[in-house]
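Have a look at the model first.

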Amino acid sequence: MLKKLTLVFLLLTVVALIGVPWASAYPVFRDTFFKKYTNAYPDLQKDLKDNPSSLKTCLICHLPGNPPLGYNTAKRNPFGVDFGKTIKKDEEGEASTTEENITKALTDIEQNDSDGDGSSNIGEINSNTFPGDKDSKPEKPIPPIPELSTVILSSAGLFALILVSRKYR
Ligand SMILES: [Ca+2]
Ligand SMILES: [Ca+2]
């Protein structure tokens with residue numbers, strides 16, 4: 001009986017320890033997301049307000065059906081993967097949890113189409129569809145806006161091509 005109790009106690013300790021990094025880091029990412037995108041997913045924000053332990057907002061960055069085993073181990077959807085690649089890391093490779101770095105990483109991936117459904121992440125966030133789920137998309141695609149440098153480079157390339165083709169006519 002004592003052996004059984006010890007085992008249960010050990011098991012609970014392990015579960016508690018595994019839960020610690022998730023519990024302490026996850027709200028920072030989620031809260032910063034909603035601080036930056038105050039109008040995004042009003043239903044989810046209301047749900048979170050009514051039930052602070054609700055896990056529905058996990059689906060913005062994580063795949064459904066994954067128990068929160070730790071913020072680094074729960075499987076991320078393509079938007080979460082992009083965010084994970086972009087967020088600044090410390091020397092140990094741990095993601096920064098400062099609001100500044102989280103906001104920057106979110107901004108840096110706004111023009112990505114993480115889930116490849118034809119709409120940019122920011123287009124999806126503004127339309128209340130999920131940027132990590134290709135089956136959730138705006139009625140009309142909101143394609144990523146190419147960076148100015150890309151526009152200038154491709155315009156220069158096109159101009160050069162026209163010049164070359166005229167020369168060899
Ligand atoms: Ca998309
Ligand atoms: Ca989507």
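Helices (H or I, at least four residues) and strands (E, at least two) here are DSSP runs, numbered from the N terminus. This is a predicted model, so local features need pLDDT of at least 70, side-chain atom pairs count only at pLDDT 80 or more, and totals for chains, interfaces and linings use all residues. Residues are numbered from 1 along each chain as its sequence is written, while chains are lettered from A and ligands numbered from 1 in the order in which they are written.

**Fold**
- The protein has six helices and zero strands.
- Buried residues (20 or more other C-beta atoms within 10 Å of their own; exposed is 12 or fewer, partly exposed in between; C-beta atoms are placed from the backbone) make up 21% of the 169 residues.

**Core**
- A nonpolar core is a set of buried Ala, Val, Leu, Ile, Met, Phe, Trp, Tyr and Cys residues joined through C-beta atoms within 7 Å.
- The largest one has eleven residues, among them Phe29, Phe79, Ile87 and Phe130.
- Helix 3 (78–86) and helix 4 (99–108) each supply at least two of its residues, and helix 4 gives the most, with three.

**Positive phi**
- Most residues other than glycine have a negative phi.
- Tyr41 counts as buried because it has 20 C-beta neighbours inside 10 Å.
- Asn128 has a positive phi of about 60°, in the loop between helix 5 (121–126) and helix 6 (148–167). With 15 C-beta neighbours inside 10 Å, Asn128 is partly exposed.
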